[in-house]
Amino acid sequence: MTAIPQERRVVTAIPGPKSVELQARRLAAVAAGVGSTLPVFTARAGGGIIEDVDGNRLIDFGSGIAVTSVGASAEAVVRRATAQLANFTHTCFMVTPYEGYVEVCEQLAELTPGDHAKKSALFNSGAEAVENAVKIARAHTKRTAVVVFDHGYHGRTNLTMGMTAKNMPYKQGFGPFAPEVYRVPVAYGYRWPTGAENAGAEASAQAIDEITKQIGAENVAAIIIEPVLGEGGFIEPAKGFLPAIAQFAKENGIVFVADEIQSGFCRTGQWFACEDEGIVPDLITTAKGIAGGLPLSAVTGRAEIMDAAHAGGLGGTYGGNPVACAGALGAIETMRELDLNGKAKRIEEVMKGRLAEMQAKLPNGSIIGDIRGRGAMIAIELVKAGTKDPNPEAAGALAKACHAEGVMVLTCGTYGNVLRFLPPLVIGEDLLNEGLDVIEQAFGTL
Ligand SMILES: *Cc1c(COP(=O)(O)O)cnc(C)c1O
């Protein structure tokens, strides 16, 4: 296959006629509950481009929700996965094991923070990894309570729905949810009543007070947090919050779990986002960026905690599928070779610079209430001019205007008012700037 030209090209309406036709078939055959941000059907994708069935080329600022950090057809991923496909597709690691699984676990031990002995278990999806982190923490502590945070997102299975903060669309009508899940405040700097500079200390004190008084620290198996909250709006907990919570967990024998499913694997300019504040989690959950688009997830952590679950207690038919493991080894190889942490940091510099310029100079720039995020996980929070009132209408309209011009962007946030940018880390700087030009022009359409 020839490489996809790395240029934006809009040759039809978006979606074009072939996509419209496929969308009609899709509506008749696919359950309505499975949505799509933009019903443009993909023909191929790679680098920073998604090419659709009508020949349009979209600049990709979504990476399939922070998955294809190495691109959607990275050479090393394709090469290794293809070779593995020809050898065998599946044996089930629980029946007869294979080297790729072990090698991924070795890589995870090396790449995750901390120099203690580590072990991993592999699964298929992020939600499954989170569920297994809870199983492992409960087995280790012999306690039941699980503490999660405001604006947190952990998945769509029953337990992880219960752990997720936002009702619509994730939870509405799907209860009852699993018991023993407790939600406490997070240091959302932009919206903290006494200001971002106080958020870290005050929110951690509040969270710890609630855990102590309402749950009882001695009942808590795990505290689970995203070091940069993803679906909740790319919220970086204010400085000091994560270390305070991690310290509290340590003092009380609670397993501290970093859910790095969205923020991990170079996305924020570090292998893992928790490294920025020197946090060493007991367990880390990973998925999304781990395998260049193939379905794989992992729980990695302290060997003595990981080994608490009895033999046969963890696993699954497909967990750590050999093709997905080969993809992960290809993705990790690419991340190292192309220094994708460095690339993510450069993307942050370019994006934050351009977005700050837009905020300062555009006539309606003041609706950009906050510019935040790290590495190639950057967002703007949109508000009504002169207030902090959420402006989800502007986020929706900007996304729509970008889509029409061939730039794939996503929204998120508890209030639906955050426009988020997750370009593949391999995107060229010209394409990155062109995408930002389109975003800038989109403000003119409001
Ligand atoms: C996406 C996500 C999940 C769930 O992953 P799935 O693969 O969709 O099950 C869990 N936690 C975080 C932080 C995520 O971003």
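Residues are numbered from 1 along each chain as its sequence is written, and side-chain values use heavy atoms, with hydrogens and water left out. Because the model is predicted, local features require pLDDT of at least 70 and side-chain atom pairs count only at pLDDT 80 or more, whereas totals for chains, interfaces and linings use all residues.The protein chain is divided into domain 1 (17–73 + 339–443) and domain 2 (76–337), with bounds taken from an automatic or database domain assignment. The centres of the two domains, taken over C-alpha atoms, are separated by 25 Å. Contact, defined as heavy atoms within 4.5 Å, involves 43 residues of domain 1 and 36 residues of domain 2.

Secondary-structure elements are DSSP runs numbered from the N terminus, with helices (H or I) of at least four residues and strands (E) of at least two. Helix H11 (residues 340–361) comprises 22 residues and reaches 31 Å from its first C-alpha to its last, close to the 32 Å expected at 1.5 Å a residue; the expected span is 1.5 Å times one less than the number of residues. Relative accessible area, computed with a 1.4 Å probe on protein chains only, classes a residue as buried under 20%, exposed over 50% and partly exposed in between. By this criterion, the buried residues of H11 are Leu340, Asn341, Ala344, Ile347, Val350, Met351, Arg354, Leu355 and Met358. The elements covering them include helix H10 (322–337) and helix H13 (429–443), together with strand E11 (368–374), strand E12 (377–382) and strand E15 (418–421). Arg354 also belongs to a network of salt bridges that links it with Glu357, Lys361, Asp437 and Glu440.

The structure holds 24 salt bridges in total, each being a side-chain nitrogen of Lys or Arg within 4 Å of a carboxyl oxygen of Asp or Glu. One of these joins Glu75 and Arg79, with an N to O distance of 2.8 Å. The two residues lie four positions apart in helix H3 (residues 75–87) and are therefore separated by about one helical turn. An α-helix has 3.6 residues a turn, so residues three or four places apart point the same way. Glu75 is exposed, with a relative accessible area of 54%, while Arg79 is partly exposed at 39%.

The side chains of Glu110 and Arg336 meet at 3.6 Å, N to O; Glu110 lies in helix H4 (residues 99–111) and Arg336 in helix H10, 226 residues apart. Glu110 counts as exposed at 55% relative accessibility, and Arg336 as partly exposed at 39%. The side chains of Asp307 and Lys119 form a salt bridge of 2.8 Å, N to O. Here the partners are 188 residues apart, Asp307 being in the loop between helix H9 (303–306) and H10, and Lys119 in strand E4 (residues 118–123). Asp307 is partly exposed, with a relative accessible area of 45%, as is Lys119, with 40%.

Glu226 is found in the loop between strand E7 (220–225) and helix H8 (241–251). The residue is buried yet has no salt bridge, and the nearest side chain of opposite charge, Lys288, is 7.4 Å away; in this assignment Lys and Arg count as positive and Asp and Glu as negative, with His and the chain ends not counted. A polar atom of the Glu226 side chain does lie 2.8 Å from the backbone nitrogen of Gly230. Residues up to four places away in sequence aside, Glu226 touches His151, Gly152, Tyr153, His154, Glu231, Pro237 and Asp259.

Phe241 lies in helix H8 and counts as buried, at 0% relative accessibility. Phe241 and Val186 are 55 residues apart in sequence, with their C-alpha atoms 7.9 Å apart in space. Beyond residues up to four places away in sequence, Phe241 touches Phe149, Pro185, Val186, Ala187, Gly200, Ala203, Ser204 and Ile225.

Gln23 lies in helix H1 (residues 17–29) and counts as buried at 17% relative accessibility. The C-alpha atoms of Gln23 and Val40 are 8.2 Å apart, and the two residues are separated by 17 residues in sequence. Leaving aside neighbours within four places in sequence, Gln23 is in contact with Pro39 and Phe41.

Key. Polar contact = N/O pair within 3.5 Å; in protein donor to acceptor, adjacent residues only side chain to side chain.
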